Amino acid sequence: MAKAPGTPRKKAAAAGPVKEGKKRPHAPADELEKYLGIITESIDDDKGEDIVVIDLTGRASFADRMVIATGVADRQIAAMAQHIERKLKDVGLKRILVEGANGSDWVLIDAGDIVIHLFKAEARALYGLEQMWGTDFDGADGGEITSL
């Protein structure tokens with residue numbers, strides 16, 4: 001039998017919402033915080049600006065945290081992505097997917113329980129992820145947004 005084309009993330013999206021009893025495994029809280037510290041410190045070391053961490057626990061099935069930061073140039077954003085990927089691999093995180101690192105104004109890094117968005121200022125304002133995933137999300141008590 002031939003395998004269906006597409007990445008695991010695309011297959012999960014096509015399958016629809018997670019059904020009760022079929023939840024994705026989560027990293028332990030201490031591991032999640034360790035990875036989050038590595039990511040935010042790396043962005044800060046690379047002179048990333050306006051670093052924001054959004055808690056998605058219980059609000060999204062694809063991740064527990066979202067990190068958003070701004071870079072001033074395509075090259076800086078690509079370097080930030082490379083550094084994050086290398087540092088996470090150095091501490092044992094295996095599956096890291098990077099999209100848009102070839103000179104784009106938006107790089108997405110999927111580190112499992114943490115999703116990282118690195119933007120140029122114009123793209124960040126255009127997509128407005130903080131507003132989309134912030135406290136007003138679906139009228140619910142939204143996730144905590146932490147600016148660093």
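This is a predicted model: local features need pLDDT of at least 70, side-chain atom pairs count only at pLDDT 80 or more; totals for chains, interfaces and linings use all residues.
## His117 and its surroundings

Beyond its sequence neighbours within four places, His117 is in contact with Met66, Val67, Ile68, Ala69, Trp106, Val107, Leu108 and Leu129. The residue itself lies in strand β5, which runs over residues 114-120.

Is His117 buried or exposed? Its relative accessibility is 8%, and buried means under 20%, so His117 counts as buried.

In soluble globular proteins, nonpolar side chains tend to be buried together. Here, the largest nonpolar core has 23 residues, and the ones touching the most other members are Ile43, Val67, Leu88, Ile116 and Leu118. Six elements each put in at least two residues: α2, β1 (49-55), β2 (65-71), α3, β4 (106-110) and β5. Which of them gives the most? That would be α2, with 6 residues. There's also a second, separate core of 12 residues, and Ala60, Ala63, Leu129 and Trp133 are among its members.

Back in the largest core, take a look at Ile43, one of the residues that touch the most other members. Setting aside residues up to four places away in sequence, Ile43 touches Gly48, Ile51, Val67, Ala69, Met80, Ile84, Ile116 and Leu118.

## How α2 meets α3

Helix α2 covers residues 29-45 and helix α3 covers residues 74-90. The two pack at an angle of about 145°, their axes 9 Å apart, and the crossing is right-handed.

Which residues do the meeting? On the α2 side, they are Tyr35, Ile38, Ile39, Ser42, Ile43 and Asp45. Across from them in α3 sit Met80, His83, Ile84, Lys87 and Leu88. Sorted by class, this contact has 7 nonpolar, 2 polar and 2 charged residues.

## A closer look at α3

With 17 residues, α3 reaches 24 Å from its first C-alpha to its last, close to the 24 Å expected at 1.5 Å a residue.

After the helix comes Gly92, and its phi is positive, near 105°.

Methods:
Residues are numbered from 1 along each chain as its sequence is written. Side-chain values use heavy atoms; hydrogens and water are left out. Axes are lines fitted to C-alpha atoms, for helices over the stretch in contact, and angles run from 0 to 180 degrees between N-to-C directions. Helices (H or I, at least four residues) and strands (E, at least two) are DSSP runs, numbered from the N terminus. A crossing is left-handed if the near helix is turned anticlockwise from the far one by less than a right angle, and right-handed if clockwise. Contact means heavy atoms within 4.5 Å. Ala, Val, Leu, Ile, Met, Phe, Trp, Tyr, Cys and Pro count as nonpolar, Asp, Glu, Lys and Arg as charged, and the others, Gly among them, as polar. Buried means under 20% relative accessible area, exposed over 50%, partly exposed in between (1.4 Å probe, protein chains only). A nonpolar core is a set of buried Ala, Val, Leu, Ile, Met, Phe, Trp, Tyr and Cys residues joined through side-chain atoms within 4.5 Å. The expected span of a helix is 1.5 Å times one less than its number of residues.
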